[in-house]
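Subject: Structure handover

Hello,

The structure is below, with notes on what was found in it. Please read the notes alongside the coordinates.

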Amino acid sequence: MGRVYLATSSAGRAVAVKVIRPEMAEDKNFRIRFRREVAAAAAVGGMYTASVVDAAPDDETPWLATAYVPGPTLAEAVAAHGPLPVETVLALGAGIAEALIAVHAEGLVHRDLKPSNVLLAEDGPRVIDFGIVRARDGYQLTGSSGLFGSLDYVCPEQATGHPVGPEGDVFCLGSVLAFAASGHAPFNGAAAATLLYQVVHGSADLTLVPEPLDKIISLCHAKDPSLRIDPDRLSAACAPGGAEQVLTEGWLPARVLTMIDDRRAAATDLDRLARTLTSARPAADAAGAGAPTASGRYGSGRLPVGPSSHGTDGGNSAAADPDHVLPAGDADNRTAGGTGSTGGAPPTAEPPERRPPAAAAESAEPAQPATDRSAAPAHRRTPERSRVGRRTLLAATAGAALAGGTALVVRGRTSGQRARRPGPAPEPTWVYRGGPLLQTPAVFNDGTALLKSRPGNMICLDLRNGSQPEWVYQGISLSPSPVLLANDAAVALGTGATLIGVDLAGGAEKFTLDFGRNFQFDQLLGGYDGYVVSVLGAKLDRRSEEEGVATSTSAVFGVDLKARRAVVIPIDPADVGVSLKPVITSDYFVYADGLRNVTVRSTRDTGGLRWRYPVGYDLRPGLAVLGATVFAIGSEVIALDLATGKLRWKAKAERGMFASLGTGGNTVYATGTDPYGVHAFNAATGARRWFCETPRLNVDHPIAVGADAVHVPAFENRNGFYAIGAASGRLLWNFTDGRETGVNDWQLSCDGAGHLVAQHFDRTYGLTVT
């Protein structure tokens, strides 16, 4: 839409100014939406929203100014410091619920509640950005084909194009609280369609959400809007004594308060700059109205802008309302490091009423003092600040969270020691460049690697030289799961409830099994016996063609590829809200369930329960099976007998926690978080073999175990991945292509015969690692 600037009014009040981009301003429908945003923001009061100071929705460059809230967004705070403590999230829920009460009281629905639209202030949260707000009378600007909102945080009604009422905001609030408590959105999917399907039919991933938040969020996430908790009850559930009782000075952790202090300092710097410019203005006024001063301001720039003066010469209304925002100073030549373009205000002189308000600093970066500026109108660029990467992990045991104990913050190394500097990485033997790859590792078959790419391709690469594909099959789904080898074919999902088998030699289609419109297949979970695959999906119960899907039941399907039939295994209620990442053997279906147990079911008798082992709220979803032993991780590495669930051994982390697993030979490997690195244990006895300290790691993916080394991705994907000697535990080398590709992480696979396939966005690297 545009950019948001930190600005100051003539009365010295700090304000946040949204300035709309020119191409957006030229769109008639967008202007209608922006007028509605201004009207909605002005109408909504209450403690937990940002009040409107002034606006000019009909100016050539539209803008909106609200009271400046010195605090980070929830998204920024979690990105910088990880998930928030339980008490903080409960207070957050109470404050946002109170904001929704104020919004709904005006007959409005926010429709875009998400972490970046929640500011964290010292005295409580503030809900901002009413850009897609809608009246509850059903008026909607877009047609039925339009979908407004951020896909990670939409409600089922938005996803299906149905009318959205206040209950939709409650669903979105549940997703926001899940993000605050776990560090990730509760629904995920490799493609928009998959994500929206999960929102409508799937269960939220609340794996890392502790009590009582998981229960509160579940009340928000009822698929039927009429069954969702209302904001009044939600506020009471989060803060029985009232929101004001918990949103006191200490409701935020100290690490977030430092971010508030930074933003206060930015406002102070801006006020100092504004005072300097104002004191220099009399001489400029004497030089003649409308003439630019050395600072880039206009001699007539004291006139207020906004509805009260729009279309007039402004008179002396600045004196009548000192909080109206001044016309723009120069902000046109600034860059994104805190001094960016207004995205709309032209650099040439215009009448004051056509200029957006004074923008002294974009976002919350402090402006330079006036004495540091040259006579040219451009601001000096502020030094770039170091940024914390997007992944930070925090886990708290249920006991600590509920008993008021200290939450466990996963942090970097605490000693002054540095990780050993790795040696030079081997050169790739080949590089394949193609379309964007799906976030799933390669699968090996008889000297080839099988991978998946957008818009729905299965690709076969020769491990000797994969720079050109052996074959490409087009038409699979974008399901975020690897290709499965079963029934002498490479198996992937198609659309709906379809399984596709592709010939391994030539890439021709061998079979397509379609189980009909009453089922939906979402993800291949694994296979066994060479011809049976497990699929996560849903059983759909339809009312009629006109009404479409009425209800759905999440299920695991056991599909016999030879018999061409599927056994439907309903998901246990204990597994609702879990990210299902099972390990499947010929007899056992092993996974971390929704109650933070290691659970083992049979693959032979429609999923009958074999055993459960309680671990607690720090249980990570990725398990491993080696021989007859199941391995699970959290604050401990736990080894359990696969057949009985009896404890074989466990090893506790001295600090931090264990975060991802890998197995090979007679060794189990686990990444650690304080300090970062890889631990190696004897798989039979639990004896520690070695620990290799590394730079910060991305612990969201399994460890790739090869014959002679293990491989782990770096925290920032531009830093590639590290290789560690399997026998010595020494940091061997670091491979990277130097590219930062956002959420497109490295996907690593080893075949145990000296081949490593590393995928990064649109490139695949073949390395020989023997």
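**Helix pair α6/α8**

Helix α6 crosses helix α8 in a left-handed sense (the near helix is turned anticlockwise from the far one by less than a right angle). This is a predicted model, where local features need pLDDT of at least 70, side-chain atom pairs count only at pLDDT 80 or more, and totals for chains, interfaces and linings use all residues. Residues are numbered from 1 along each chain as its sequence is written, and side-chain values use heavy atoms, without hydrogens and water.

On the α6 side the contact (heavy atoms within 4.5 Å) consists of V170, F171, G174, L177, A178 and A181, and on the α8 side of L213, I217 and C220. α6 spans residues 166-182 and α8 residues 213-220; their axes are 8 Å apart at an angle of about 155° (axes are lines fitted to C-alpha atoms over the stretch in contact, and angles run from 0 to 180 degrees between N-to-C directions). The two helices are therefore roughly antiparallel (over 145 degrees).

**Helix α3**

G82 follows α3 and has a positive phi, near 85°.

**A555**

A555 lies in strand β23, residues 548-560 (helices, H or I of at least four residues, and strands, E of at least two, are DSSP runs numbered from the N terminus). A555 counts as buried, at 1% relative accessibility. Its C-alpha is 5.0 Å from that of I571, 16 residues away in sequence.

Regards

How values were computed. Parallel < 35°, antiparallel > 145°, perpendicular 65-115°, else oblique. Buried < 20%, exposed > 50% of the residue type's maximum accessible area, 1.4 Å probe, protein only.
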